[in-house]
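Subject: Structure for your review

Dear colleague,

Please find the structure below, followed by an account of what was found in it. I would be grateful if you kept the model open while reading.

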Amino acid sequence: MKNVRVWFEKKNTARYISHLDLNRCMSRAFQKTKLPLWHTQGFHPHIFLTITMPLSLGMSGLRESMDIRLIEEISNEEIIEKLNGALPLDIRVYDVTEPVMRPSEVAFASYEIDYEPENASAEEAKAKLEELLTREEILVTKHTKKGPKEFDIRPYFQDMQLYIREDGHLTASHRLPISVNGGVNPTLLRDAAARYLDLDLFEHITRTCLYNEKMEIFQ
Amino acid sequence: MQISNQLEKLLAKVQKPGRYVGGEQNSIIKDKTKVKTRFAFCFPDTYEIGMSHLGMKILYGLLNEREDIWCERVFAPWVDMEKLMRENHLLLYGLESGDPICDFDFVGFTLQYELSFTNVLNMLELGGVPIRNDQRGENDPIVVAGGPCTCNPEPLADFVDIFFLGAGEEVDLEVIDLYQKCREEGKSRKEFLRLAAQIEGVYVPSLYQVKYHEDGTIESVTSTDGAPATIRKRVILDLDKAYYPKSFVVPFLDIVHDRAVAEVFRGCIRGCRFCQAGFIYRPVIEKSVETVSRQCRDLCASTGYNEVSLSSLSTSDYSKINELLDELLTWSKDDMVNVSLPSLRVDGFSTELTDKIKTVRKSGLTFAPEAGTQRLRDVINKNVHEDELMKTMDIAFGAGWSRVKLYFMIGLPTETDEDVTGITRLGQSVVDAYYNCATRPKGQSVSVTVSAAAFVPKPFTPFQWEPQDTMEEFQRKQHLLKSSITTRKLTVNYHAADTSFVEAVFARGDRKLCAAMEEAWKRGFHFDGWDDCFSLEKWMEVFEAVGIDPAFYAKRRRSFDEVLPWDHLDYGIQKKFLIEECKKAYEAATTPNCREKCSACGAACFKGGICVEKRPSVV
Ligand code: SF4
Ligand code: SF4
């Protein structure tokens, strides 16, 4: 038996596949490929697979991963080829590696965020957001299991760098804490912009990478 | 499809955005510059319901097999999405290309239930297609419709260009071929429709004129422009040779029936007198064991589904059911595939069967005795006997089931209060059967749910002349039903009869109802099959506004010699047979099923299927 980590991108239409649905979609793809995968034992045996830190609905992911368990030796190329043949076009597998870290070690995620201000120019929005980030406290309402809670996002966003790309878009790359219990979602800045600045932002978010506590790339 | 910025913004605001993006495994993307004909297959309900529908999967595969045709899927956007689309002027689009449906050559609907008719008009409008067929010009799509409701499509006669009667597999392609030819020859829309009407199974409503008597009943229906006087439905006689998809589009979202589906046969050998499907799909035509098994296997391989359901009107009536299950078991275990049957008959239930289909879920066992007393079951020709039901229950409880659902109807012709309370009495007997079963699951309590639907008389059934019960009668009977329960183990469910009333109006409606449809569309009606949207009050206002008395359609007893709105449509079944059946119903006399004995219903005119099979009693 051998554990392997399968790396894939999730883009365009596939952004709207929820975590539960992605699990099912992957299981079906494996069922189709007939790859020699370990199944859970018990009354309803199913393919054993774990997706690392599932993406929020609507976000793209460039370096997503899942762990599976092989019961026979099989080449990485074969896994990639067979899986890509069985998956929808907007999910593409590009690598298979041996897991180095445990998924539970993931502590940070990096994002590329493309902002489209709905009621301001990119320049205005940039200036306004930069001013916001200098404030003492930036409160947003976070919806937790125990109900809505006021939450200060300043510590997480204060060093965020905004810039205007050549094509005129306002963008940012930023790293935020992430955990199975939530972490800090990049969309919280949009909520704050609406609350403090009356600024409506539409955003495209791409998760680019995951890291551990020590900011080492998740492998 | 490529998700545009505009669409992405809307998707951020709706529930279940996955309904609106396509991109699923096995969905078919073609180069639109390289195809000749584009077909938008529209299901007038939500994505989840439409994606569970077998007919759509068959036609999607069939049309896309042709290189020169690209068929895409379109579903009714849920109300949140519809609102945003209207506000942002985004036209309803095909899920494969993202192009608006007004850009297609054909816009095709499947009509599964009358309450989806308002969604048909709404979807046309949302897609930028003029809703009335007389408003469409040379550049507008041809609007076609198929499905069971086309056996009386008159309430949609002003909106649809072509109705397909019966099986669609051949006639769809014949019509598309004709369309391509007409295009090449530069023929007009009108000429194309006139020529299409010559194809068997094609009904072009605009070529027929309906005259009415003063009392509102029909005097005559006359064809014009050389269209045939009656239109006969299409039948596929050899299902082993007929097209069946090797793959299904596999949705990401959890849909209603998320599994591979194999059609085992078409039609039903029974002739339950309330059941439209039992008549309009005659005669029964079976697939061979080998074909079903091969199709199941292909589908599981292409989709990754690990469940295959044998779907037919009454699957356990398949003449070789045990043989089929044995054949499936030769590979399904190794491929880790489960086999399930969607519907079971009381008399088709055996330990042999349940041993083979482990997946008939322990949670839910459902049976449909339909009526509470033997007399009424004889009236409706539902040949289920109480002792059979009890025997079946004993087997089922012994095999570990403890939850049973029983389906009934109220408002059936000749029904008395005794028949109504007979429903709870039967439910009670099932509860008793549980406690009398020595091998019942230990330490569990039994739960029996009885569900009572309001009867809707349908065209092409022996009850097509019958009045529907009044709303007051339904309410009184529902109350009677509820108050006759004596045990907590028994739950009675029923649904307000409001929707059944509107369903009854449209089911046997004529062309005058097109005005009501149009008015309902103007008032923004949609999703009438959903409690969230349906309002009887609003429907009454619509009928009032267009001067139509809905009771004329739902509550009126017709005489046998009245011209019915669907009389010019020929489903093989002869009117005189239906009249005989209706008279027999009144005498509570039953009719044997097609396998026991042919009752000469008329469907033998198709020269195939069970009508030409040798019966054991004959040889
Ligand atoms: S068994 Fe009766 S109710 Fe069921 S499909 Fe056949 S005719 Fe209809
Ligand atoms: S003609 Fe006879 S066998 Fe054929 S469908 Fe009618 S009753 Fe059944």
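R595(B) and E286(B) are joined by a salt bridge, with their closest N and O atoms 3.0 Å apart; the term stands for a side-chain nitrogen of Lys or Arg within 4 Å of a carboxyl oxygen of Asp or Glu. Because R595(B) lies in the segment after α20 (575-586) of chain B and E286(B) in strand β12 (residues 285-286) of chain B, the pair ties together parts that are 309 residues apart in sequence. Helices (H or I, at least four residues) and strands (E, at least two) are DSSP runs, numbered from the N terminus. R595(B) is partly exposed, with a relative accessible area of 23%, whereas E286(B) is buried, at 15%. Here buried means under 20% relative accessible area, exposed over 50%, and partly exposed in between (1.4 Å probe, protein chains only).

The model is a predicted one, in which local features need pLDDT of at least 70 and side-chain atom pairs count only at pLDDT 80 or more, while totals for chains, interfaces and linings use all residues. Residues are numbered from 1 along each chain as its sequence is written, chains are lettered from A and ligands numbered from 1 in the order in which they are written, and side-chain values use heavy atoms, with hydrogens and water left out.

Over all chains, the search of the whole structure finds 67 salt bridges. Side chains of opposite charge can pair when their charged atoms come close. In chain A, R24(A) and D21(A) form one such pair, with N and O atoms 2.7 Å apart at the closest. Both residues lie in helix α1 of chain A, 3 residues apart, which is about one turn of the helix. D21(A) is buried, with a relative accessible area of 8%. In chain B, D134(B) meets R132(B) in a salt bridge (3.2 Å, N to O). D134(B) is exposed, at 54% relative accessible area, but R132(B) counts as buried, at 18%.

The two chains also meet each other. Their contact (heavy atoms within 4.5 Å) takes 22 residues from chain A and 31 residues from chain B. Between them the chains bury about 2200 Å², 52% of it on carbon and sulfur atoms; buried area is the accessible area (1.4 Å probe) that two parts lose on being put together, summed over both. Y16(A), R28(A) and K32(A) supply 29% of the area that chain A buries against chain B, more than any other three residues.

The count between chain A and chain B is 3 salt bridges. In one of the salt bridges, E8(B) pairs with R15(A), the closest N and O atoms being 3.0 Å apart. On the side of chain A that touches chain B, α1 (19-33), α2 (76-86) and β10 (201-212) each supply at least two residues. The largest share, 6 residues, comes from α1(A).

Finally, which cysteine sulfur is nearest to that of C300(B)? C300(B) is accordingly in no disulfide, and the nearest cysteine sulfur, that of C296(B), is 6.6 Å away. C300(B) counts as buried, at 8% relative accessibility.

Yours sincerely

Key: A disulfide is a pair of cysteine sulfur atoms within 2.5 Å.
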